[in-house]
Amino acid sequence: MLRTLGEFLVFCIICGAAGSACAASLDVRQNLSFGTLIPVANSGSVSVSAAGAISSGGSVTIAPSGTSYFQGKVRFTPTVLSVFTVRAADSTIVLNNTSAGGGTVTVDNFTVNPVNLNITVLSPVDINIGGRMTFSASSKSGIYTGSTRIEVSSLLGGTVSVNLPVMLTLWDSLKMNEKTPLFFGVLEVGAGAAVIRLNAQNGQRSIVSGSNVILSTGQTSTAGQFKVSGQANTTLSVSLPSSVVLTGNKGGSMTLNNFTGYPSSTQLVLDASGDGYLNVGADLNIGASQPSGTYSGTYSVTVNY
């Protein structure tokens, strides 16, 4: 009996006389984040691995100018030498939209790394956490938040737990449609080459070079205009073509180049309603012996978050 009591006293000296001094700790080092995502389907899922890699299965795109994705991290500080098991206590959690749009997403398939901790030295150990987020058509744009409980336990060391915050931002997908075609109107052309410029801001034409062109007033020229809808109060990048070819209905071709945008050729800011308008102008290059006729073609405008 004396020998058994002596072993008990030695254990208390190692751990400390007060019970709280023997308790291990588990602290959040980094939230689990799915970053900023743009749905391209009515439903889908996105996974962030415990190593920090993301996979979407084609149901979303990752916003290049949004928040970043990364795995969760917790730090376990042991006070006894033992083998511990790590687990995510929740099989599924619900993240709620904290913005005005409302809606929820779910997170499941939590992964932890490492799963087992063989503590041979009393020093802190970092644990990484991943998971899978699933959204539906009712998951509106906004900031989603919630938490999942992470536990570390052993027979000798007991169990410690911490709530790991989980977050996600959803943006509205981009939509764009042409409101007004890019139209140079009617031109009367004599011999010799010429360049006609269409102003992106107001749709007016001007002669850049050549003296053989008359800007007929028979039809009003217009700048191309596009309405873009997406996430409110965000800035989009704009990409215009370098050149396109127009084909005449009686033969011949002409080149459009020097495309410009208004209010900018490189970016567009969406307003509080998530809308923005982009005007497009360009230079029309007329050949020295350009056949008469109606010339038409298409050009591409790309916008991205």
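In this predicted model, Leu198 stands opposite Arg205 of strand S18. The two strands concerned, S17 (residues 194-198) and S18 (residues 205-209), pair in the antiparallel sense. The points below set out this hairpin and then turn to other backbone features.

**The hairpin of S17 and S18**
- Four bridges make up the antiparallel pairing of S17 with S18.
- Six residues lie between the two strands of the hairpin, and Gly203 in this hairpin takes a positive phi near 75 degrees.

**Cis peptide bonds**
- Asn113 and Pro114 are joined by a cis peptide bond, with omega about 0 degrees. Pro114 lies in the loop between strand S10 (104-113) and strand S11 (116-118).
- Tyr262 and Pro263 are likewise joined by a cis peptide bond, with omega about 15 degrees. Pro263 lies in the loop between strand S23 (253-262) and strand S24 (267-269).

**Positive phi at residues other than glycine**
- Asn109 is not a glycine, yet its phi is positive, at about 50 degrees. Asn109 belongs to strand S10, and it counts as partly exposed because its relative accessibility is 47%, between the limits of 20% and 50%.
- Asn233, also not a glycine, has a positive phi of about 60 degrees. Asn233 is placed in the loop between strand S20 (224-229) and strand S21 (235-239). With a relative accessibility of 59%, which is over the 50% cut-off, Asn233 therefore counts as exposed.

Conventions:
Residues are numbered from 1 along each chain as its sequence is written. This is a predicted model: local features need pLDDT of at least 70, side-chain atom pairs count only at pLDDT 80 or more; totals for chains, interfaces and linings use all residues. Side-chain values use heavy atoms; hydrogens and water are left out. Two strands pair if DSSP finds at least two bridges between them. Buried means under 20% relative accessible area, exposed over 50%, partly exposed in between (1.4 Å probe, protein chains only).
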